[in-house]
Amino acid sequence: GNSSKMPRPAPVPWSCVPPCTWVTTKEVLQHSYHPPFLSDVQTKLPDPPATWQGKTLRIRGPRQRKGESGFFVYVVWALNAIEFALHNGLTYCIFLDGTNNPYWSDARHLSGTGMSNLWQDFFVIPTSSESRRCEGLQESQVLELSEGHFSGRRHKTEEAAGWTLYLQRSALKAFPAGDCPPSACGSYEWYRQMRMRGVRLVENHLRVQPEIARIADDFWVEWGLRGNRVLAAHCRGTDKIWGVKIGPSKYYPLFTKWLRAHGGRGRVFVATDDPGWMSEIADWGAKNFPGKIVWRNATRSTKNAFLSNSGDPYVKAVDVIVDVLLLSRADFLLKSTTNVAEMAIYFSPNGALVNHSYDFEIKDHPKLADIGFPRL
């Protein structure tokens, strides 16, 4: 055929150069969505600037030093930017390039076609009335969040709209961070509100690439989880930066309760990034509940996997996405405070895990028996 005659859409530039327009830090603070429960005063937000009308927000990830962010930081960053676009009546497109990105695999991208979009390695680009592809856009129709580098709390004064959107108190957050100190945020109700917001955004705007989703589907069937009552546990070891490490011994009594309550149909799926913990849990399972504890052999490292340079960056990201998809399917989730486990709640079908998960680090968490955990 003559498909080769089709003109290639213009490649996506590395940055926003006029006629593309920056969204400034001040504009982000003025035009962000503020959930009612986070603001003392509900002021009506000013209308978006007339100059934004009909434009597309081109979303990039944080460009930091390589290996500074776990995979789901990029996802939460994108979700906040999507929410900002929708709130201001803008369409959006997402384009992550390889700049300092620990999940960029040269092998996948150096095909000589100019820059390509890392986001598409992992997520389907939905084309809807709200979202589009970044390729082929007229730069005069594009808005971008100003980039500046983040250092401490300087995003307030420095031109860094992307960081401001991600760190401000009203942002969608997987745990209290940035301008949301644990004293103000981090209650059970705060988490519930964040989760319901996350569930809505993921449901409408994120679709994992089918070949990655299939890995999770196949595992679920192959390891006998389908049709059984599955308790999922995410045990974050390695370099847990926020909060405290919750070791396996905290989980065992709950595994026991679950498996006794559900008899032949009870299963436990464990995801951890700590190989020492995994072999400990496996030994405990073999001794107490042979065949009932299931886990994947994903990239395990006693340092955080994304900080190490060994291994294929693409595979590292796929591993963590598959873990999230598997955790998200469980009937109940046990967790500590981490991005990965929180994302499993956002990805759970119809947000089922919003009310069926237990986080050991939330101080005012309802008791397990009050949120559907077996009482044995």
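Visitor: Among contacts in the protein between residues at least 6 apart in sequence, what percentage join residues at least 24 apart?

Guide: Welcome! This is a predicted model, where local features need pLDDT of at least 70, side-chain atom pairs count only at pLDDT 80 or more, and totals for chains, interfaces and linings use all residues. Residues are numbered from 1 along each chain as its sequence is written, and side-chain values use heavy atoms, with hydrogens and water left out. A contact means heavy atoms within 4.5 Å. Among contacts between residues at least 6 apart in sequence, the share that joins residues at least 24 apart is 73%.

Visitor: How many helices and strands are there in the protein?

Guide: Both kinds of element are DSSP runs numbered from the N terminus: helices are H or I with at least four residues, and strands are E with at least two. Counted that way, the protein has 11 helices and 9 strands.

Visitor: What percentage of the residues in the protein is buried?

Guide: Let us set the scale: buried means under 20% relative accessible area, exposed over 50%, and partly exposed in between, with a 1.4 Å probe and protein chains only. The protein has 376 residues, and the buried part of them is 55%.

Visitor: Is Y191 buried or exposed?

Guide: Look for Y191 in helix α6, residues 188–205. Leaving out residues up to four places away in sequence, Y191 touches A174, F175, P176, G186, T337, E342 and I362. Its relative accessible area is 1%, so Y191 is buried.

Visitor: How do the axes of α6 and α11 lie to each other: parallel, antiparallel, perpendicular or oblique?

Guide: Two packed helices are described by the angle between their axes and the distance between the axes. Axes are lines fitted to C-alpha atoms, for helices over the stretch in contact, and angles run from 0 to 180 degrees between N-to-C directions. The axes of α6 and α11 (residues 339–347) come within 7 Å and cross at roughly 60°. Angles under 35 degrees count as roughly parallel, over 145 as roughly antiparallel, 65 to 115 as roughly perpendicular and the rest as oblique, so α6 and α11 are oblique.

Visitor: How many nonpolar, polar and charged residues are in the contact of α6 with α11?

Guide: The contact is made by Y191, M194, R195, G198, V199 and V202 of α6 and by E342, I345, Y346 and F347 of α11. Ala, Val, Leu, Ile, Met, Phe, Trp, Tyr, Cys and Pro count as nonpolar, Asp, Glu, Lys and Arg as charged, and the others, Gly among them, as polar. The residues divide into 7 nonpolar, 1 polar and 2 charged.

Visitor: Is the crossing of α2 and α11 left-handed or right-handed?

Guide: The axes of α2 (residues 71–87) and α11 come within 10 Å and cross at roughly 50°. That makes α2 oblique to α11. A crossing is left-handed if the near helix is turned anticlockwise from the far one by less than a right angle, and right-handed if clockwise. The crossing of α2 and α11 is left-handed.

Visitor: Which residues in α11 do F72, V73, V75, V76 and L79 in α2 meet?

Guide: This contact holds 9 nonpolar residues, 1 polar and no charged. The residues that α11 brings to it are N339, V340, M343, Y346 and F347.

Visitor: How many disulfides does the structure hold?

Guide: A disulfide is a covalent bond between the sulfur atoms of two cysteines. Here a pair counts when the sulfur atoms are within 2.5 Å. With bonded cysteines counted along the chain, the pattern is 1-2, 3-4, 5-6, and the number of disulfides is 3.

Visitor: Is the disulfide of C93 and C134 left-handed or right-handed?

Guide: The sulfur atoms of C93 and C134 are 2.1 Å apart. This pair links distant parts of the chain, 41 residues apart: C93 is in strand β3 (residues 91–94), and C134 is in the loop between α4 (119–122) and β4 (142–145). The torsion about the S-S bond is about 105°, so the disulfide is right-handed.

Visitor: Is N350 buried or exposed?

Guide: You will find N350 in the loop between α11 and β9 (357–359). N350 has a positive phi of about 55° although it is not a glycine. With a relative accessible area of 70%, N350 is exposed.
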